[in-house]
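Okay, thanks everyone, I'll keep this short.

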Amino acid sequence: MTVVSIEKQGDIAVVTVDNPPVNALSQALRQGLWDAAERLDADPGVRAVVLACAGRTFIAGADVTEFGKPPVPPHLPDLVARIEAAAKPWVAAIHGSALGGGLEVALGCRFRVAAAEASLGLPEVTLGIVPGAGGTVRTPRLVGVEAAVDLVTTGKPVRAARAQALGLVDAVIEGDLLPGALAFAAEALTRPLPAPLSSRAVTPPEPGFWDRAEPATAKAAKGAAAPLRALACLRKAAEASFDQAMAFERETFLDLRGSTQAAALRHVFFAERAAPRPAALRDVAPLPLARVAVIGGGTMGAGIVAALREAGLPVALIERDAEAVERGLANVASIFDGAAKRGKLTPERAAALRQGVTGSTDYATLAEADLVIEAVFEDIAVKRAVFDQLGRVCRADAVLATNTSYLDPRLIAEGLANPGRFIGLHFFSPANVMKLLEIVPVPETAPRTLATGFALARLLKKIPVQSGICEGFIGNRILKRYRAAAEALVRRGVPIDRIDAAMRGYGFAMGPFQAQDLGGLDIAHLQREGARAAGQDVPETLGDILVRAGRKGQKTGGGWYDYAPGERQPQVSPTVAALLAPAVTPGAAMTGPEIAAALVAEMAAEGRAILAEGIAESPAAIDLVEIHGYGFPRWRGGPMFASGA
Ligand code: T1G
Ligand code: NAD
């Protein structure tokens, strides 16, 4: 296959890259571009070159699948230098995404123009590396140090309009890109050419800039190594020569490429891209989703409504009585209004989102719904009554989903007519924020219903993971083991705050006890009490002792910690120490890393049991659950990756 083709439009050559799916810079593509530069330099009939891409995007970066392998020439930095040194000016015509090596190739071009929908970025730090082909050296020469630091250390792409404001692109083309780029090239030839980026100087940043940028970058990185290493490259670019900075960037790139963090982040990258489209469902068409409904407007229901609205769907919200309808609508409104207050939404957008929700108590309004998601009380009788009604009013092919956390979906579906339409869709709180969606089919679930669950995840931009049926599904089952293991350490005398600090040190935003204080200890306690009442042998936990003493978490002013009124800062609690003393044998001395290693090993052990039972399909699926549902540090790759599974 020809990945690079050349076509002449008068005295301007168009170099077209066609390397599906995302025009990644494979060896063949690098060679093809190199050869094109040679050929066009030698062609006296060519005065300028437009570099464009076929398919859905400009060059999306280096080929991530080549990262583990020895690099084969032409190396990307040499290719970028070759294009920059071309005798005729190159104009990058960018649509879709110009990311990583793709943007670096564009920086080798003398000009960059972009379609209005295009985005440009250097996401390398999200893969545990730094740009490896001049991104840290040329970017500050084009847009200044401050903007370059922002682009490179966060890895966040920018849209064309913002890119133009920064100076990253020379023009935004409205209408067809290629004719616009050709016109731009023709016009550029009438003026003196700007200097190539490698021969431009870097404007030094304000005094004290680096002293502020270093701690800010370290804080935002939360333990990931690449952002600070990228910052060091940018500093080198600002303080040393172009060649010295290029050498420093290359050295940093090669060093990080082989690192455990980079391997972990690549693992997550591929797992996330594979998750939305499981191979088993490749030939199964999902049900188109236009009319959706949510039953129950509490914490979860309101969050699910918000997520559906943000994806552009009008939503019907059903509650049990008129008062509950009002409360449910108010819950939804407060999500949007809160986002507007924090500046995340304009007030107009918040109003439009609110207006797309219709509240009702009448199931008859659901006759034409394509999808109904139930989020009522976690009570089997209540849920069954809901599905009994849904079964009677909804279309036989409408997808009927439960958001249950712990109930057996098979029992909820019992007696439902056309059970092929039933499925578990387990959202995480807050449902409009958390990326994870556990998809739980019952034995009767039809492939089309399952495919619709995955389609919904894509629509909501969530990461779907299929789970088999067991208590707590994948995520909450591992959470239970993790919490039990943390309690076991407390029983051996490891201080509660030391355990939380160890997990924060590992990269979690919060330790297990802090997190329980935030969410409340009572829900899990009630669940254990329920099991005990049903005759199961559930041993007394330390959490039970605290709840019995009225300590349910922050909402009661104390749980595992004390909280000053109105404060969220946990304080070590002498009361808790006294309450738990009879259950604690002092003595165990563990370092933070030992604590974290022990607890992550417990998560992975539960993960292995889950795999052995066929509940999860792969170790990567479990890693996605932990990263997107429970705050496991992404750069550690998840508990299975971290434990070598
Ligand atoms: N390399 C190899 N395969 C890639 C790839 C890449 N860079 N990017 C995507 N794919 C595959 C992906 O696995 C999937 O495969 C298919 O393409 C479609 O992807 C030297 C070192 C461009 C915005 O980080 O952000 O350059 O499942 O489903 O939703 O400094 O892909 O079909 O088999 O995501 O339309 C920097 C990552 C690399 C870009 C398109 N570049 N990609 O989104 O499709 S580091 C990136 C994306 C670098 C240099 C450094 C997105 C996209 P399959 P998709 P999409
Ligand atoms: P909640 O108590 O905040 O909300 C439940 C809502 O359901 C209430 O507004 C109630 O009025 C309504 N409701 C009760 N019976 C109804 C009926 N017959 N018809 C219509 N509405 C009815 O509870 P929640 O935390 O939102 O949990 C809802 C479901 O989501 C539960 O199954 C729970 O296990 C699950 N879940 C909760 C979380 C979480 O973190 N809270 C996370 C994932 C899943």
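So, what do the buried residues of H5 pack against? On the helix side there's H4 (135–143), H6 (160–166), H8 (209–221) and H9 (226–239), and strand S8 (158–159) joins that list too. Keep in mind that this is a predicted model.

Which residues of H5 are the buried ones? They're Val145, Ala147, Ala148, Val149, Leu151, Val152 and Thr153. H5 covers residues 145–154, and seven of those 10 residues are buried, so the helix is largely enclosed by the rest of the structure. Buried here means under 20% relative accessible area.

Okay, zooming out to the whole protein chain. We've got 26 helices and 17 strands. The radius of gyration comes out at 28 Å, close to the 26 Å that the globule rule gives for 645 residues, so the chain is as compact as a globular protein of that length. If you box up the C-alpha atoms along the principal axes, you get roughly 90 × 60 × 45 Å.

As for burial, 53% of the 645 residues count as buried. And if you take the contacts with a separation of 6 or more, 71% of them are between residues 24 or more positions apart.

The chain exposes about 27500 Å², with carbon and sulfur atoms supplying 55% of that. There are 67 positive and 68 negative charges, and their mean positions sit 1 Å apart.

That's me done, happy to take questions.

Terms used: Residues numbered from 1 in each chain as written. Chains lettered and ligands numbered in written order. Predicted model: local features only at pLDDT ≥ 70, side-chain atom pairs only at ≥ 80, totals over all residues. Heavy atoms only, no water. Helix = DSSP H or I, 4+ residues; strand = E, 2+ residues; numbered from the N terminus. Rg over C-alpha atoms; globule rule 2.2 N^0.38 Å. Buried < 20%, exposed > 50% of the residue type's maximum accessible area, 1.4 Å probe, protein only. Contact = heavy atoms within 4.5 Å. Areas by Shrake-Rupley, 256 points an atom, 1.4 Å probe, with all protein chains shown as cover. Lys, Arg positive; Asp, Glu negative; His and termini not counted. Charge placed at Lys NZ, Arg CZ, Asp CG, Glu CD.
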